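Keep the viewer open as you read.

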Amino acid sequence: MTKEITNKELADFQKAFDETPGSSAIKNAVANNGIYKSSETLASQIAMDPTFSVEIDTGSVADQKQSGLCWIFAALNTMRHPLQNNFKIKGFELSEGYMLFWDKLEKSNFFYENVINTAALPIGDRKVDFLMATPQQDGGQWDMVMALVAKYGVVPKSVMPDTASRTNSSQLNAVLNTKLRKNAITLRKLVNDGKSSEDIQREKDEMLSEIYKILVYSVGEPPAKFDWAYRDDDKKYHKEVGITPQDFFKKYVGWDLDNYVSTINAPTDDKPYNHVYTVELLGNVVGGRQVRHLNLEINDFKSLAVKQLQSGEAVWFGSDVVKSSDRKIGIMDTKIYDLEGLFNTDFSMTKAERLDYVESMMDHAMVITGVDLDENGNPLKWKVENSWGEKVGTKGYFVMSDDWFNEFVYQLVINKNLLSDELKETFDKESKQPKVLAPWDPMGALA
């Protein structure tokens with residue numbers, strides 16, 4: 001049974017509004033200043049002073065500009081911090097464009113393979129619709145960028161600098177998605193017409209060749225080998241001749257990529273803690289590293305972040321950055337806006353409820369580079385390196401309250417050596433056959 005809004009009810013609504021104390025002043029304030037400016041609190045700005053008891057010196061921030069590559073920027077930032085210190089190169093930056101090129105090509109292949117695998121499903125099936133809604137995009141997750149690094153290595157930004165499509169990727173994404181959807185029509189028809197796997201793969205290879213050409217035109221040609229020279233902070237000259245991106249990664253970054261694992265805090269009923277999950281249809285490199293999430297309780301989750309910072313390593317993390325945050329002053333705090341006081345109504349939901357009812361999910365990746373601890377070692381606030389340039393926050397750095405961390409941080413990348421023996425064993429064992437979540441699960445959201 002449905003029911004319309006009656007005139008009497010409208011009159012009652014207006015009467016309740018008129019009887020609200022201060023309604024006229026509030027109406028004028030919100031109309032002239034907007035909701036968030038009208039509800040912004042001074043107390044939050046005072047509490048979020050950018051001073052921290054544990055802090056990693058990371059230098060100046062990068063700027064992703066008009067692209068959705070925060071997950072790549074955040075990952076490369078965690079790599080360049082120690083690189084800058086170990087090789088004495090202040091202001092050094094790895095090429096995000098290089099990673100973008102390979103990610104777009106691999107995502108195209110990943111899409112084509114999923115189109116082939118779901119070709120028997122009808123148009124209108126939820127999985128098919130999910131694939132076609134966004135064949136590829138800028139966003140990603142930690143394991144996806146690690147899959148790219150493992151296969152292609154990394155290069156300095158000077159070797160593959162930014163192009164117009166790197167700094168503003170909307171046109172490239174539109175062109176690629178149009179081409180991918182057009183090719184999906186062909187691939188589905190080939191499968192449903194009973195063509196051989198060899199014929200289908202031959203057609204797919206031609207499609208990928210065209211994608212490669214579009215990417216070279218738009219992003220630049222990725223080097224197989226390159227020369228690179230630099231002067232360190234002591235003015236000493238260094239030069240590499242004919243080094244490959246893979247060898248550059250081994251020499252200048254030197255990580256064991258398997259040492260870094262994705263942990264999540266997803267307190268929903270369908271994801272018991274201390275188990276490993278993956279997400280169907282999520283990834284980029286076919287045959288490469290797949291997404292694996294170890295779900296942890298919030299206190300275990302946060303304590304690992306503190307331990308990693310105390311060990312001298314920054315922490316890649318994924319969060320819902322648009323919630324309770326002020327981009328200009330660089331504060332993320334649940335108390336920054338008093339919306340309940342402004343509107344005299346209840347907006348409260350638990351973290352699990354926000355996930356279940358699509359109120360919140362991960363939409364941005366950044367790097368935690370510091371924490372302020374109380375006398376008992378409990379976190380009060382966190383220092384965050386963003387990738388939005390130096391004109392926001394404190395020269396690009398944000399302050400995150402501990403309560404905001406509890407509510408809106410969903411993913412942390414942790415050095416495996418910091419996990420307990422029990423959690424290491426769980427991750428290693430369950431990663432072989434993790435529980436598979438639906439493609440549209442919030443833990444499959446891309447930063």
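Is Lys383 buried or exposed? The model is a predicted one, and in it Lys383 has a relative accessibility of 13%, so it counts as buried, the cut-off being 20%. You will find Lys383 in strand β11, which spans residues 379-385. Its side chain has a polar partner: a contact of 2.4 Å joins it to the side chain of Glu55. Setting aside residues up to four places away in sequence, Lys383 touches Phe52, Glu55, Val367, Ile368, Thr369, Gly370, Val371, Tyr397 and Phe398.

From here, turn to the salt bridges, of which the structure holds 29. One of them pairs Lys381 with Asp372, with 2.9 Å between the closest N and O atoms. Lys381 has a relative accessible area of 8% and is buried, and Asp372, at 14%, counts as buried too. Salt bridges can also share partners: Glu93, Glu96, Lys157, Asp162 and Arg166 are joined in this way into one network.

Another salt bridge connects the side chains of Lys204 and Glu113, at 2.6 Å from N to O. Lys204 belongs to helix α11 (residues 197-219) and Glu113 to helix α6, so the bridge ties together parts that lie 91 residues apart in sequence. Lys204 counts as buried at 5% relative accessibility, and Glu113 counts as buried at 18%. For a contrast, look at Lys37 and Glu40, whose side chains meet in a salt bridge of 3.1 Å, N to O. Here Lys37 is exposed, with 54% relative accessibility, whereas Glu40 is buried, with 19%.

How much of Ser169 is accessible, and is it buried or exposed? Its relative accessibility is 3%, so Ser169 counts as buried. The side chain of Ser169 makes a polar contact of 2.3 Å with the side chain of Asp138. Beyond its neighbours within four places in sequence, Ser169 is in contact with Gln66, Ser67, Gly68 and Asp138.

The largest nonpolar core comprises 115 residues, and Trp71, Met79, Val154, Met400 and Leu412 have the most contacts inside it. Helix α6 gives the largest share of this core, with ten residues. Apart from it lies another core of six residues, including Met48, Phe52, Tyr337 and Val399.

After α12 comes Gly254, with a positive phi near 70 degrees.

The last stop is the aromatic rings, and a search of the whole structure finds 23 aromatic pairs. In one of them, the ring centres of Phe87 and Tyr252 are 4.6 Å apart and the planes stand at 45 degrees, so this pair is tilted. It links distant parts of the chain, 165 residues apart: Phe87 sits in the loop between α5 and α6, and Tyr252 in helix α12. Phe87 is partly exposed at 22% relative accessibility, while Tyr252 is buried at 5%. A second pair, Trp228 and Phe248, is edge-to-face, with 5.3 Å from centre to centre and 80 degrees between the planes. Here strand β2 supplies Trp228 and helix α12 supplies Phe248, 20 residues apart, and both residues are buried. Finally, ring pairs link Phe87, Phe92, Phe226, Trp228, Tyr230, Phe248 and Tyr252 into a cluster.

Key. Residues are numbered from 1 along each chain as its sequence is written. Side-chain values use heavy atoms; hydrogens and water are left out. Helices (H or I, at least four residues) and strands (E, at least two) are DSSP runs, numbered from the N terminus. A salt bridge is a side-chain nitrogen of Lys or Arg within 4 Å of a carboxyl oxygen of Asp or Glu. Buried means under 20% relative accessible area, exposed over 50%, partly exposed in between (1.4 Å probe, protein chains only). A polar contact is a pair of N or O atoms within 3.5 Å; within protein, one must be able to donate a hydrogen and the other to accept it, and residues adjacent in sequence count only if both atoms are side-chain atoms. Contact means heavy atoms within 4.5 Å. A nonpolar core is a set of buried Ala, Val, Leu, Ile, Met, Phe, Trp, Tyr and Cys residues joined through side-chain atoms within 4.5 Å. Rings of Phe, Tyr and Trp (its six-membered ring) pair if their centres lie within 6.5 Å; planes under 30 degrees apart count as stacked, over 60 as edge-to-face and the rest as tilted.
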